[in-house]
Amino acid sequence: MFSYTEIFSDKERFIPELLYGREDALRKLVDLVSKQDLTLFFIKGPRRSGKSSLLLTLLKILSNGEYKQKFNVKDNWIPIMVKLDAVTSPLSLSNLLLRRGLTNYTLKRLNVKKIPTYAKVFSEKIEEQLTVGRALGGGISLGNIGASVSKGKNFAFPYSIDLSLVSDILYESAEGSKIIIMFDELQYIYENWKDNKSIFLQFLKKISDEYYDRIKVVMTGSVIRPAELLLSKDYTEELHGRHIEEYNIGEISFDDAEKMLIDGFTSANVNYNDYILSSALNLTFRIPGWLAYFGKYYVETGKLLEAINKSYEEMGSLVREELGKLKRIKKREYYDTAVNMLAKKGILTPLELSKQLNISAHEAEIILNNLNYIDFINEKGELKDYTIASLRNDFEEMICPICNSGRALVLKGLHYFVRFSCKHVVKL
Ligand SMILES: Nc1ncnc2c1ncn2[C@@H]1O[C@H](COP(=O)(O)OP(=O)(O)OP(=O)(O)O)[C@@H](O)[C@H]1O
Ligand SMILES: [Mg+2]
């Protein structure tokens, strides 16, 4: 039904049937966002596990007639999707939110063909509110470019409207329907907004305290740790006392991962066998984005090892990119060593690292803290994100310890669940 280019696409996806192994998660999330008492949601998971795709698909389900029925969605939802990587100030976020509300940008992005009437009404009400506000000369002052809220397509921005007022406008305009705001790449707020962070948090707080019956906010990021720090609920922080519903995703099951590969290979008409499938499931750790890379390259080359190596290059460059973003660190090569050790052993302690690099325990600790900050390890120094294993390329063939006949490629020395061509699953 779907083509291998769709099944192995490396872009974010929003079609429920193309989201392998996430049907339960989707049903659960549909259920949770429909609850009155939950407002803020935070999706966690390793790189390329499909966090963005999960949320996009949720938005699609909530706003597309066919899926609404299938997932038993009762309310009329208006989706507003915002990627925060290029949003540098509260004012630009205000403008973006209003603009998205006015233009049905998100519905088009999600390929919803027929814009529902309630969404059009919503846009019109935002316009009305802006016009009224302007006429009254209150709260809404025009930015220096000047804004014309005419019926045409040329909305001139920016408005100088603060985020708090934006939440008022969205809330008022959504009468009779609900809004779901998706914030992706949340780590950028933590890293770039500096003193303005609290304005973003106040926006969330206001929605959580006052507008919970009509507005829901679902959030994620590529790198989870800074996003977690942003959403801290310490008593000195804005969000103290507010509930954030967290949802974890990770690798998909062996069966779902296998189904994804088989669907793609069948559509591409390429040969495969149980050895190839099992090895791919083991070496990609069943992380959806990694599987997608593997699938794409296997279709291209028809060779297991070549496809694996290319998928490792893709994942490895993500890891290096993340390392490269670390600021104010002294010796980059120390980090390379540390990460390579981590990839090999699955755990790293300050002592081992200080020995290896001949540096002080304190220095080693700083390095480990930074690796924790970008989600590579947990507080105990254990490998948290298997995508780091993509820096390796030492695969070994093992024989199934259960039947002594199945075989598969695995990563040497890692203690993890693997599957053999005989379909036995074993924890190494
Ligand atoms: N459930 C799934 N089944 C199959 N493919 C998926 C699934 N979820 C995501 N993908 C694919 O995996 C890749 C990564 O997805 P996505 O960008 O949503 O992940 P992410 O966790 O947001 O990644 P990042 O850490 O880069 O932000 C994309 O190619 C996407 O199409
Ligand atoms: Mg993402």
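Around ligand 1, the helices α3 (51-63) and α14 (288-301) each supply at least two residues of the shell, helices being DSSP runs of H or I with at least four residues and strands runs of E with at least two, numbered from the N terminus. This is a predicted model, in which local features need pLDDT of at least 70 and side-chain atom pairs count only at pLDDT 80 or more, while totals for chains, interfaces and linings use all residues. Residues are numbered from 1 along each chain as its sequence is written, and chains are lettered from A and ligands numbered from 1 in the order in which they are written.

The shell around ligand 1 holds 22 residues, of which G50, S52, S53, P288 and G289 come nearest; a residue counts as near if its C-beta atom, placed from the backbone, lies within 6 Å of the molecule. Because domain 1 (22-248) and domain 2 (254-427) both give residues to this shell, ligand 1 lies between them; the domain bounds come from an automatic or database domain assignment.

The centres of the two domains, taken over C-alpha atoms, are separated by 34 Å, and their contact takes nine residues from domain 1 and 14 residues from domain 2, two residues being in contact if their C-beta atoms, placed from the backbone, lie within 7 Å.

In the table, Ala, Val, Leu, Ile, Met, Phe, Trp, Tyr, Cys and Pro count as nonpolar, Asp, Glu, Lys and Arg as charged, and the others, Gly among them, as polar.

| Group | Residues by class |
|---|---|
| Shell around ligand 1 | five nonpolar, nine polar, eight charged residues |
| Side of domain 1 that touches domain 2 | four nonpolar, two polar, three charged residues |
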